[in-house]
Amino acid sequence: MMKPKRSLLSPLTSRSWLLLGTWLERKGLSGLAETCYRNLIATDADGSAQASLRLAQSLLEDQRFRDAAAICEQGLKVSPRDARLWCALGAARRQSADMPGARQAYEQAIACDDKFAAAWSNLGEWHLAANDAPAALAALDRALQIDQKLLQALNNRSAALYELARFDEAEEAARQAMEIYPDVAALHVNLANALLQRSQAQDAAREYRRALELDPQSAEAQIGLSTVLGESKRLAAALEFIEHTIAVKGENAQRLAALASAQQAKGDWEAAEATSRKLLDLQPNNIGALTTLASCLGNRGDHRGAIALQEQALALQPGMSAVYSNIAFAATYVPDLTQEELFAYHEEWGKRFEKPVAPCTEIAAFDRTADRPLRIGYVSGDFGTHPVGFLIRDVLPNHDRDRFHVTCYSMMRASDPVTEAIRASADEWVEALFMSDEALTQRILDDRIDILVDLSGHTAYNRLPVFARKPAPVQASWIGYFHSTGLRRIDYFITDPHTTPADTRQVFSETPVWLPHTRFCYAPPAYAPGVAPTPALAGEGITFGTFNRIDKLVDPVIAAWVRILNRLPASRLLLKAGSLENDSTCEALTRRFEAAGLDRSRLELRGPSPHPEMLAEYADIDIALDPFPFNGGMTTLEALWMGVPVVTLAGESVVGRQSTAALANLDLRALVFDDVDAYVDGAVALASDIDRLSALRASLRDRMARSPICQPARFTHDLETLYRAMWQAWCRGEKLGTAVQQSGPLSLRRVLHVGCGPTDIRSLPPLFQRRWQEIRLDIDPGVRPDVVATMLDMAPVESESVDAVYSSHNLEHLHPHEVEVALREFRRVLKPDGFLLLTCPDLQAVCRLVADDKLEDAAYVSPAGPIAPIDMLYGHRPAMAKGNLYMAHNTGFTARTLQRAMEEAGFGSVTVEPRSGFALWALAYQGRAEPQRIAADKAAGFP
């Protein structure tokens, strides 16, 4: 007998409902899939368990936890021995914060099937959430005995080992899991967390970054990376997430470690210290907590306490080079160490981490031609708005590219305008932050670097382990650190006779070699405001101050400063530092000054601000007090540039003589003192002589600008001479001794900067910032130009004596009949092959704005403030309102009329182009110029 055909409307079988629901789920139609599963549960008792499980899993994914629990409970009434349903019920209850119910469900699943690996894994995760790491590890190990590749168990096992403070095993567990699952973000996060416990921040950052590549939404990876890299923009969100997680899930070691690190990175030192101590109560051997707590102690001047904590961490993990770098760095702050004791800390780094590593043998085969072009490699994590960035920014563009090829190996965490300026000046730029020591060593070898220069020492993100491998024939330590590195394979320590005198007691593993004048080449930022009048002239007493980090304010410094202020009852002390944005840090520092005898009303504390604003705040300080034994470096140079005299105590160490060297180069040795009593007396004496103080303030910027510290072309030439001598010594199989390597004559082209104003060389186009000598000409003697003259009569400048003339927004101040006179004066002083670079307002562009009735609307913002069309037509109104009638405009040009005026004045090749900022830019040559030269000069000179 034949079976009747099934109608299309006939009821579906249990299997059909299940298959249809599964298919709909895969298509993203979860609502319809849920209907299928519910139909099956309602109509077929035999198939309800499987349907209940699928529906519960779907509801869990949709975060409908209570609905999922209800479905599981309904299914278990039919199939009470279904281990999978019990496990799903446990997950639903746990997500609903029913922790006891979740545990009961997991244990029931195991009772139904003790070979069910997922149930053991979930139970282990439950114990982990309940801060019972031993029980968690036991359950997870049982799960992995059943299923060696169970991802959830592998992931949680690494976390459990971390909670048990078995950090080496936690790292190994994460690495083993990643061999099976290389592309799971959570495993990379676990590995990063374990690496942080070995103070391998760089490797940890690399793993966090990889986790984010795999899962851009991983909050744990985002928090870890932003904390390790100190990304202030993301730290607030990181802190909020960690605090919320702790509030919901409770405290455990990993969460407390992340919280302490984020608090430290944000500068909340008191909170970071409290969290670190709480973590150490849980895990006395938590290295992250020990190192974070050490930073907290150092921030309040307890550097011996910080060293003790770092040594405790090192005893737990002897192979952590970064921790011992922290110890060596902290030692430079301790006031009563001898030079031998200070060196011993650094030498120990070399014994521990350099001696066991074999040097690269490949360098023996390098070409030993003494005079060939050299490949220089600079290694730093501070190519940005940082002392290193400002000290190297003007050096790189002044390197002679025919004789030196420059590669920068950067560990920068982010980029800023200084970074971009340095990058633009390098021949090659290598992002090395996430490169392992082995990979970076090989890259340097592949790049055939002849001289490798360290610009970090034992500071953050250093690559001393790479220098220990010696991937370059010659290695040197220069700026960025302030003591011998302790490495024998770094051949030279670049210093100067003022920082390291001939009779020095400083001790080095390297050979100290001298630059003639200074080891610093300061690049003042173009946005630095002018020097303000002496604040004390307002009659409110002397304001002493410092913008140095507060970890330099050890007890002897505070005692000396209180002595100074108490001898001048009307004086006050202004301190500004990044960590002073935190109220608890401010209160702790204030109490230290009170304990030393200073009334808190005489102390003003300021937190961080953008660099331009920070420089402007020097207008509030009469005298800068230099800390000791850790002097200011960049802080001293910035204070001097802003006209603030610095009183310093000359120490014995490199860092203790930084300010001494700066003042010696300005011929201001009278501000350098040899003992604390003289230092106190000297500060009081200077504060008591307002006329001397004001005269000094008025002269400081000019002294700086003319000193060797601010002569980048000369400085770089001296540095290159030293590099060449180092190389030639290596070629001979020798090493230099401590002596100045005398530089030959430096041939510089000369640019006459017409209408220079009070600004520095950074106001010149980049074309003139590399191996050019600036001759400053201005009508105003108050800006201290080299030549006081007008554009109409530049008689003090000899005919055919300069290679270029640069005139920015000057021509429009002349009357029409005077324009040709000025242009002919420009031609007169130019050499036959010289050129003029000139800029002035573009009246054609300005008139378009006027036609749109925008005469007084700001067209753009200049360093002098908003500029409106009326300012471009008639002159800068704010300046003229102050009586500066030189700023009146008496003529104007379009591109066509300016070109005609320059040609009528006798110039040969003339190019005029409108550019941004409503300006015309003109390039004109004394004679005819080749198109290639015009193109090159235009590319370098026009914005």
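Visitor: Leaving aside its neighbours within four places in sequence, what is aspartate 778 in contact with?
Guide: Setting those close neighbours within four places in sequence aside, aspartate 778 is in contact with Gly755, Cys756, Gly757, Val783, Pro785, Val787, Val788 and Ala789. Please keep in mind throughout that this is a predicted model.

Visitor: And where is aspartate 778 placed?
Guide: Aspartate 778 has its place in strand 15, which covers residues 772-778.

Visitor: Is aspartate 778 buried or exposed, and what is the nearest side chain of opposite charge?
Guide: Aspartate 778 is buried and yet has no salt bridge, since the nearest side chain of opposite charge, that of arginine 776, is 6.8 Å away, whereas a salt bridge needs a nitrogen and an oxygen within 4 Å.

Visitor: Which backbone nitrogen lies 2.9 Å from a polar atom of its side chain?
Guide: That is the backbone nitrogen of glycine 757, which lies 2.9 Å from a polar atom of the side chain of aspartate 778, and Gly757 is also among the residues that aspartate 778 is in contact with.

Visitor: OK, salt bridges then. How many are there?
Guide: The count comes to 52 salt bridges. One of them joins lysine 576 and glutamate 617, with the closest N and O atoms 2.8 Å apart. This pair links distant parts of the chain, as lysine 576 is in strand 9 (residues 572-576) and glutamate 617 is in the loop between helix 27 (611-616) and strand 11 (623-625), 41 residues apart.

Visitor: Are lysine 576 and glutamate 617 buried or exposed?
Guide: Lysine 576 counts as buried because its relative accessibility is 5%, and glutamate 617 is buried as well, with a relative accessible area of 15%.

Visitor: Which residues are linked with them in a network of salt bridges?
Guide: The network of salt bridges links Arg572, Lys576, Glu604, Arg606, Glu617 and Asp620.

Visitor: What about arginine 706, where does its salt bridge with aspartate 786 lead?
Guide: The side chains of arginine 706 and aspartate 786 meet in a salt bridge of 3.4 Å, N to O. Here too the pair links distant parts of the chain, with arginine 706 in helix 31 (residues 690-706) and aspartate 786 in the loop between strand 15 and strand 16 (787-788), 80 residues apart. Arginine 706 counts as partly exposed because its relative accessibility is 48%, and aspartate 786 is partly exposed with a relative accessible area of 40%.

Visitor: And what does aspartate 871 form with arginine 877?
Guide: Aspartate 871 forms a salt bridge with arginine 877, and the closest N and O atoms are 2.8 Å apart. Aspartate 871 is buried, with a relative accessible area of 3%, while arginine 877 counts as partly exposed at 35% relative accessibility.

Visitor: Switching to rings: how many aromatic pairs does a search of the whole structure find?
Guide: The search finds 23 aromatic pairs. One of them is formed by tyrosine 522 and tryptophan 641, which are edge-to-face, 6.2 Å centre to centre and with 70° between the planes. Because tyrosine 522 lies in the loop between strand 7 (511-514) and strand 8 (543-546) and tryptophan 641 in helix 28 (residues 634-641), the pair ties together parts that are 119 residues apart in sequence. Tyrosine 522 and tryptophan 641 are both buried.

Visitor: Why is the pair of phenylalanine 768 and tryptophan 772 edge-to-face?
Guide: Their ring planes are at 90°, with the centres 4.9 Å apart, so the pair is edge-to-face. Phenylalanine 768 is buried with a relative accessible area of 0%, and tryptophan 772 counts as buried at 6% relative accessibility.

Visitor: Which residues do ring pairs link into a cluster?
Guide: Phe329, Tyr333, Tyr481, Phe482 and Phe630 are linked into a cluster by ring pairs. The ring of phenylalanine 630 also has the charged end of arginine 549 sitting over it, 5.6 Å from its centre.

Visitor: Which residue lies over the face of tryptophan 730?
Guide: Arginine 368 lies over that face of tryptophan 730, at 3.8 Å from the ring centre.

Visitor: Last one, how many helices and strands are in the chain?
Guide: There are 38 helices and 22 strands in the chain, and buried residues make up 56% of its 943 residues. The C-alpha trace spans about 120 × 70 × 65 Å along its principal axes.

Methods:
Residues are numbered from 1 along each chain as its sequence is written. Side-chain values use heavy atoms; hydrogens and water are left out. Rings of Phe, Tyr and Trp (its six-membered ring) pair if their centres lie within 6.5 Å; planes under 30 degrees apart count as stacked, over 60 as edge-to-face and the rest as tilted. Helices (H or I, at least four residues) and strands (E, at least two) are DSSP runs, numbered from the N terminus. Buried means under 20% relative accessible area, exposed over 50%, partly exposed in between (1.4 Å probe, protein chains only). A charge sits over a ring if NZ of Lys or CZ of Arg is within 6 Å of the ring centre and within 35 degrees of the ring normal. Lys and Arg count as positive and Asp and Glu as negative; His and the chain ends are not counted. A polar contact is a pair of N or O atoms within 3.5 Å; within protein, one must be able to donate a hydrogen and the other to accept it, and residues adjacent in sequence count only if both atoms are side-chain atoms. Contact means heavy atoms within 4.5 Å.
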